[in-house]
Amino acid sequence: MNVDLLSHPAEEVAPKLLGCVLTCKTPEGTVSIAITETEAYSGTADPASHAYRGRTARNATMFGPAGHLYVYRSHGLHWCANVVTGTDGIASGVLIRAGRVIEGEDLARKRRGAKVDSPRLARGPGNVGQALGITAEHNGADLLAGTSVMLSEGEPVPAALIRVGPRVGVSKAHDWQHRFYLAGDPTVSAYRLSPRAKPSAGA
DNA sequence: GTTAAGATCCACT
DNA sequence: GTGGATCTTAACC
């Protein structure tokens, strides 16, 4: 993966990450997924972004240079992974919402549970983290160096298959057209709006 | 120091 | 379709 490709605002990078491969190496083994769904969180102007209220200890990674991994804990249970994009000093990141396991499926299924269907192994942000084995240890990891977590280019995705839609699961600005996914892909989550989501103008 | 809310997922009805 | 689990962060007193 070229760092130049990531040095742009999240909403520009997010659709380009579709089809790219995210690989995580652990002592247990290696798991790779082809990204099928992303969501952009750009800058301190985005009310749904962790960076909205400025830089804090948690989101410091998002303010750093592009090409790193920002990992956070959601609802005290799940690990979610973001690719940091944009310029050093500007908070910008792309949440990996879903992917298709292309390497290490056995290990991914072992982590997720034996009864999980293949398309479900990495469907949903929390499940992506679990399938890949991502934890807080990977926060700030260099995706380009590829020591533990690596982002690489996958097979090109036909532009016609890329869809844009409202964001899911956030209680603010959920109708921003910042969610990108592959049309018809079974691994794409079809989640409901956040229970706290309030209707906003134009939604 | 205390409290409220959160970029979610699973089991149960 | 609905509700609960579970804990960290950040805002407020």
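This is a predicted model: local features need pLDDT of at least 70, side-chain atom pairs count only at pLDDT 80 or more; totals for chains, interfaces and linings use all residues.
Q: What makes the pairing of the side chains of Arg111 and Glu28 a polar contact?
A: The two side chains are 3.2 Å apart. A polar contact is a pair of N or O atoms within 3.5 Å; within protein, one atom must be able to donate a hydrogen and the other to accept it, and residues adjacent in sequence count only if both atoms are side-chain atoms. Residues are numbered from 1 along each chain as its sequence is written, chains are lettered from A and ligands numbered from 1 in the order in which they are written, and side-chain values use heavy atoms, leaving out hydrogens and water.

Q: Why is the meeting of Glu28 and Arg111 also called a salt bridge?
A: A salt bridge needs a side-chain nitrogen of Lys or Arg within 4 Å of a carboxyl oxygen of Asp or Glu. From N to O, Glu28 and Arg111 are 3.2 Å apart, so they pass that test. The pair links distant parts of the chain, 83 residues apart: Glu28 is in the loop between β1 (21-26) and β2 (29-42), and Arg111 is in helix α4. Helices (H or I, at least four residues) and strands (E, at least two) are DSSP runs, numbered from the N terminus. Side chains of opposite charge can pair when their charged atoms come close.

Q: How do you know whether Arg111 counts as buried or exposed?
A: Buried means under 20% relative accessible area, exposed over 50%, and partly exposed in between (1.4 Å probe, protein chains only). Arg111 has 17%, so it is buried, whereas Glu28, with 51%, is exposed.

Q: What makes Asp46 and Arg167 a salt bridge?
A: Their side chains meet at 2.8 Å, N to O, which is within the 4 Å limit. This pair also links distant parts of the chain, 121 residues apart: Asp46 is in the loop between β2 and α3 (60-63), and Arg167 in the loop between β7 (162-165) and β8 (179-182). Asp46 has a relative accessible area of 0%, so it is buried; Arg167, at 0%, counts as buried too.

Q: How do you know how far apart Arg109 and Glu105 are along helix α4?
A: They are four residues apart in the helix, which means about one helical turn. Their side chains meet in a salt bridge at 3.2 Å, N to O. Elsewhere, salt bridges with shared partners join Glu37, Glu39, Arg97 and Arg179 into one network.

Q: What makes a residue part of the largest nonpolar core?
A: A nonpolar core is a set of buried Ala, Val, Leu, Ile, Met, Phe, Trp, Tyr and Cys residues joined through side-chain atoms within 4.5 Å. The largest has 36 residues, and Leu69 is one of those that touch the most other members. Apart from it lies another core of twelve residues, including Tyr41 and Phe63.
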